[in-house]
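Let's take a walk through this model, one piece at a time. Have the viewer open and follow along.

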Amino acid sequence: MKYTVYGLVLDSELPLDGVETSDGPPDAVLRFGDTPSQLDSPSVVGPWWEASPGRVLLRVDKIARFLVSDGREILITPLDGSTAAEVAFVLLQGVIGVLLHQRGVLSLHAAAVQIDGRTIAMAGHAGTGKSTLLLECVRRGGRIVTDDLVALAVGPSGPIRINRGFPRAHVWRETLDHFGMPIQGFEQVRSGVEKYRVPAEAADARPELSAVACIEVRQWGDIACERLQGKTAFATLRSYVRGRRITEGLNPAGDFQSLAQVANRVPVFRISRSQSGPSSVARIADQILSLRS
């Protein structure tokens, strides 16, 4: 089956439920097979990955091994006990970021929403509440561009655009409880993990990026928002590059040129909040939706 996601057409043996199908020529192939347990003479090694030029091996505990090659193929070895849905979730939320990098596409650890004629990316590390904020924006009439991985189309001039992911938010049960949404009818992303898929209306296929809000958590203090400029904007965006340790381990220059283009052409903000859980979501969303250049 062929699918289109993040600006790519994927010819996939793995079912990708909820992802738009396509009849176009494939950019990459996803197939099942025997991946190696390790690479021969890897250039860089991490706790759950190894990489050499053109090849990255990723090991996701209890789910699968993935070998990503030359931006054209992902070889998948599911592990005993994993389901196709669990393998697809890990692939679409993280592994595909390596494929995008191999193809020269800048991807950020971020969610994005299209609302009131603007498209805002919300960048942040795990646990900063990106998906919860995405769902809050959807409840206010927004449409989902992508959740957790933002693939940017960065040209030498003109607007910077986001290649649409798929119209789902992935939120913890605590978030559903906060919004008064019963878990019945929502699918868990992984057995034993209290995180659920929440479908929503899809945004345009390649909306123009209006602003980036970088969400940071601090120990105390009220919500604060500041516009970032120059080197600070660049360095902050760089910290949210998806798979940065892998990509910069192979190529120290990494995505510097694309990052510089985004930092120079798109307003970048830092929104700081205390570790206060879902109770501050509405106020943070107010800040995000009021961002202007």
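A residue counts as buried when its relative accessible area is under 20%, as exposed when that value is over 50%, and as partly exposed in between. Keep in mind that what you're looking at is a predicted model.

Start with Ser258, which sits in helix H6, residues 256-265. Its relative accessible area is 19%, so Ser258 falls under the 20% cut-off and goes down as buried. Leaving aside residues up to four places away in sequence, Ser258 touches Leu106 and Val154.

Phe234 belongs to helix H4 (residues 230-238) and Phe256 to helix H6, so to speak two distant parts of the chain, 22 residues apart. Phe256 has a relative accessibility of 31%, which makes this residue partly exposed.

Three strands, in the order S15-S17-S16, form an open sheet with antiparallel pairing. Strand S15 (168-172) and strand S16 (187-188) are the edge strands, each pairing on one side only. S16 and strand S17 (residues 195-199) are joined in the antiparallel sense over 2 bridges, and Glu187 stands opposite Arg197 in S17. Helix H2 packs on this sheet, touching S15 and S17, and its direction makes about 125 degrees with that of S15.

H2 (residues 130-139) has a helix partner as well: H7 (residues 281-289). Their axes are 10 Å apart and the packing angle is about 75 degrees. Angles of 65 to 115 degrees count as roughly perpendicular, so that is how H2 and H7 lie to each other. On the H2 side the contact involves Thr132, Leu133, Glu136 and Cys137; on the H7 side, look for Val281, Ala282, Ile284, Ala285, Ile288 and Leu289. By type, the residues of this contact divide into 8 nonpolar, 1 polar and 1 charged.

Finally, a quick look at the backbone. Most residues other than glycine have a negative phi. Ser41 isn't a glycine, yet has a positive phi of about 50 degrees. You'll find Ser41 in the loop between strand S3 (28-32) and strand S4 (44-45), where its relative accessible area of 69% makes it exposed. Lys62 isn't a glycine either, and has a positive phi of about 70 degrees. Lys62 is placed in the loop between strand S6 (55-60) and strand S7 (64-69), and at 59% relative accessible area Lys62 is exposed.

Key:
Residues are numbered from 1 along each chain as its sequence is written. This is a predicted model: local features need pLDDT of at least 70, side-chain atom pairs count only at pLDDT 80 or more; totals for chains, interfaces and linings use all residues. Side-chain values use heavy atoms; hydrogens and water are left out. Helices (H or I, at least four residues) and strands (E, at least two) are DSSP runs, numbered from the N terminus. Buried means under 20% relative accessible area, exposed over 50%, partly exposed in between (1.4 Å probe, protein chains only). Contact means heavy atoms within 4.5 Å. Axes are lines fitted to C-alpha atoms, for helices over the stretch in contact, and angles run from 0 to 180 degrees between N-to-C directions. Angles under 35 degrees count as roughly parallel, over 145 as roughly antiparallel, 65 to 115 as roughly perpendicular and the rest as oblique. Ala, Val, Leu, Ile, Met, Phe, Trp, Tyr, Cys and Pro count as nonpolar, Asp, Glu, Lys and Arg as charged, and the others, Gly among them, as polar. Two strands pair if DSSP finds at least two bridges between them.
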